[in-house]
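This report goes through selected features of the structure shown below.

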Amino acid sequence: MRLVPIFLALVLPALTGQAEPQRIVTAGAAVTEIACALGLGPRLVAVDTSSRHLEETRDKPDIGYVRTLGAEGILSQEPDLILISSEAGPPGVLEQLARSGVTMITVANGHELENIDDKIRIIAEATGRTSEAEAVIARVTEDIAALRQLVAAGDERPRVVFLLARHGGSLMAAGTETAAHAMIEAVGGVNAAGSFAGFRPLTPEFFATQPPDFVLVSESVGENDAGLLEGLPGLGAGSAGQGPQIIRVDDAAFLGFGPRTPSAAAAVATALRRP
Amino acid sequence: MISAEPRLLAEGVTLTRDGNRILDHVSLAVVPGRLTAVIGPNGAGKSSLLSVLSGLWQPDQGRVLLEGRPVGDYAPAARARRCAVMRQDNTRPAGLTVLEAVELGRVAHGGGADEAQTIAWEMLRRLELEELAARSCTRLSGGEWQRTAFARTLAQIWQTGRTATLLLDEPVSSLDPAHQHQLLAQARRLARDGHAVLAILHDLNLTAHYADEVALLKEGRLRACGPVGELMNPDILTEVYGCPVIAVQDPAGARAFLSLGPDEVK
Amino acid sequence: MNPARQEHTRRRTRGRRRLLALALLFPVVLLTAASLGAVRLGPADLWHLLSGGEQATALMRAVFWDIRLPRVVLAALVGACLALAGAGVQGLFRNPLADPALIGVSAGAAVGAVLCFFLGWALLLGGWLLPLMAFVGGLLAVLVLRLFNTGFAAGGTAKLILAGVALNAMLGSVLGFFLFSASDDALRSMTFWTLGSCASARWPQTVVLVVFLAIGATLLWRHARALDALQLGEEQAAHLGVSVRRVRREIIIGAALMVGAATAFAGTIGFLGLVAPHMARLLLGGLHRLVLPGALLIGAMLLVLADLGARTLVAPAELAVGILTAAVGGPFFLWLLRRPSSWSAS
């Protein structure tokens, strides 16, 4: 009885006139997560470094950092489809890949929760998984709705700052035009560091004069860096409700704008409303 | 004595640096066929005079004519073919052999690598430096390097059918007596061959022995200039150098000059 | 022939023979690098590709002709430019530790490129704006150096070096400011650009680079003898008939053009401009008519090999080639230094 699906798998592509890609290379955490959510995990032959945090992709060959890819390296995996996020680079390499004749789809990486649907649809079409996509989109839409409800229910908007660690052990705060900023707004907070764009190092005065209510800490700030947090005036260990509350987030889920983002956001939104 | 047109003529050269007058209205003629020695105490301006004569520095007043034309009018290569200068301390080129250093004298000439090499070998032969030809310049003694520099200077003016000007700044300061005589004898022979030679010297005996003309420089001014016989005079020398200079004569008639320390004067 | 002549002839022929050996080694290294890569191409495949046979698949053709070969050629040209400029600068400054970066062109190019990333213009003009801004940045830096020095003549070489150091410090702080104020996206692009890479090679780039290499090489080759004479010091070189001002100006311009163009297309790649000329001198002696071509060949081969490592060692990922130039060049250089040789600068 297994012959029927096999027969269909062999014949259908010929019938529909389009073969489903069997060897897929992805670059960009959100793209990879969507591909896995669509059940394409086994067909991924190589992924970029930022995509290897998932169970399914942990042991896949690594094509390197999403912004410094190598054309030959990707082509050596003999892909029949390349899915890349819009931040992939360098541009010269993307050009080389485009000229190689292998189908390459670029998925725009916006900072809007609503765009996650579009990303899923683009990938689903390119890989022939449109039916599976509906289920995933439905889940994502549900999660977004739940998040919106949570946020609408709250009356005041807490002051939040997002911190990550940069090389050299300094802590950077996320200003506007960052994914973190978009997410802070999405979970119903106000970015306490919203006076500048991009990432800036913290100054002690910042916390002394206008301490935030919550500090979201990227997982890049490791155990050793916890000392950095404590060292800042205005930031305590949060004992007895004194000082801002520290919440750790999973970057890939919270900032990736992939299928897991709405639920990760809802979790943070809940934490923000806990007294 | 044939009085020839001066190859190099300085007229009223004055040079001031940082408010100090280094040369004060110096006029000097370097004539072919004769070896002119420039002597004088330290700081008299001898090396500076050489820099001006060679065209390296422009005087504030006065001018220098090389073969009748202002020295600054010549393109560097054209000037180098007419006038070779040997300065006192040169950086030793790393990675070059003695032969290659001598070949550098031919940089201003069109000749080509083979001609440069032939001439360089000839110069090394004349200065008895052939054995050192393949040695790296950085491995020479001070004296060997000075003789190499002289060989290079010779190579620079080596051309058939033409004589040139040679300016030497203390060319024997690192040499032992035998080599001092060898080099200055070469210099005098060049003068006899028709070149115009000027040498800054510190040794009074060598000056007396090899120079035809002597120019005495003190505090930037030309104190005296004339044939060697007239100027190599204990009184003049004592005055110029500011320390007692006496002449001694050995039984055979050779004359030597001795400078004495202040406590040696009777 | 007396023994001294024999010895000298032997040494001279040895230098020439070694240069010839380098020249013969060069195509071998190029071909070897072109035949290796993440995509396996066997000898048969290479034969099909080079002879234009139909057995070569479209993918193989794309990989070899569009991706790998332009990259190998670019690496060779960039290495040649950096090394030749280094040889010129070392000869001019009479300092074997001199690096083309001393004249500020690398830092200027970096500022130009980083500014381009900062403004988000990296993709404009079909991707040509980035190398253009880098190149202009490099040349502007050299012009500023000239202004500092009121025309390169005044003050001599020592002053020029100090002015270069000051310029590099200033440009470094400008660079730091951009890095500090950049968005995260731009910052990552900037950082990786400054580490150097030949990955985005395209054939038009190699054509442009050949032109600049030719111009720079011509300028430097004309002064090979003058560079020799300069080793005696600038004063003595002037007495030997060298137009020191003109030579200094043209060598700096030649070096700036070559380093500017190379950096524009491959980012800042260090170490080559310092080490390749030194290796050439150790192997070939001090005469620039050997050192200049020698440095060119050695620089080209070193970068081709380093780039080979960059694209194969962690395949399918890429390493920054700047890390490898030091890794490949360093130990080889040390080995050369240990050889007993009277050609060495001691």
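What percentage of the 266 residues in chain B is buried?

Buried residues account for 47% of the 266 in chain B. The model is a predicted one. Chain B holds 9 helices and 12 strands. Its radius of gyration is 19 Å, close to the 18 Å from the globule rule for 266 residues, so chain B is as compact as a globular protein of that length.

Along the principal axes, the C-alpha atoms of chain B occupy a box of roughly 60 × 45 × 40 Å. Of the contacts in chain B with a separation of 6 or more, 65% are between residues 24 or more positions apart.

## An open sheet in chain B

In chain B, 4 strands make an open sheet with antiparallel pairing, in the order E2-E1-E4-E5. Strand E2 (20-30) and strand E5 (69-70) of chain B are the edges, each pairing on one side only. Helix H1 (residues 46-53) of chain B packs on this sheet and touches E1, E2 and strand E4 (61-66); the direction of the helix makes about 120° with that of E1(B).

Strand E1 (residues 8-17) of chain B runs antiparallel to E2(B), and 7 bridges join the two. One bridge pairs Arg17(B) with Asn20(B) in E2(B).

## Positive phi values

Most residues other than glycine have a negative phi. Asp18(B), not a glycine, has a positive phi of about 50°. Asp18(B) sits in the loop between E1 and E2 of chain B, and it counts as exposed because it has 5 C-beta neighbours inside 10 Å, where exposed means 12 or fewer.

His25(B) also has a positive phi, near 50°. His25(B) belongs to strand E2 of chain B. With 15 C-beta neighbours inside 10 Å, His25(B) counts as partly exposed.

## Contacts between chains

There are 2 pairs of chains that touch, and the pair with the most contacts is A and C. Chains A and B do not touch, and their nearest C-alpha atoms are 42 Å apart.

The contact between chains B and C takes 29 residues from chain B and 28 residues from chain C. On the chain C side, helix H1 (3-35), helix H9 (224-230) and helix H10 (234-239) each supply at least two residues. By class, that side has 9 nonpolar, 12 polar and 7 charged residues.

## Cis peptide bonds

Most peptide bonds are trans. The bond from Gly89(A) to Pro90(A) is cis, with omega near -5°; Pro90(A) lies in the loop between strand E3 (81-85) and helix H4 (91-99) of chain A.

Ala315(C) and Pro316(C) are likewise joined by a cis peptide bond, with omega about 5°. Pro316(C) is in the loop between helix H13 (288-312) and helix H14 (321-338) of chain C.

Methods: Residues numbered from 1 in each chain as written. Chains lettered and ligands numbered in written order. Predicted model: local features only at pLDDT ≥ 70, side-chain atom pairs only at ≥ 80, totals over all residues. Pairing = 2+ DSSP bridges. Contact = placed C-beta atoms within 7 Å. Axes fitted to C-alpha atoms, helices over the stretch in contact; angles between N-to-C directions. Nonpolar A, V, L, I, M, F, W, Y, C, P; charged D, E, K, R; others polar. Rg over C-alpha atoms; globule rule 2.2 N^0.38 Å. Buried ≥ 20, exposed ≤ 12 C-beta atoms within 10 Å, placed from the backbone.
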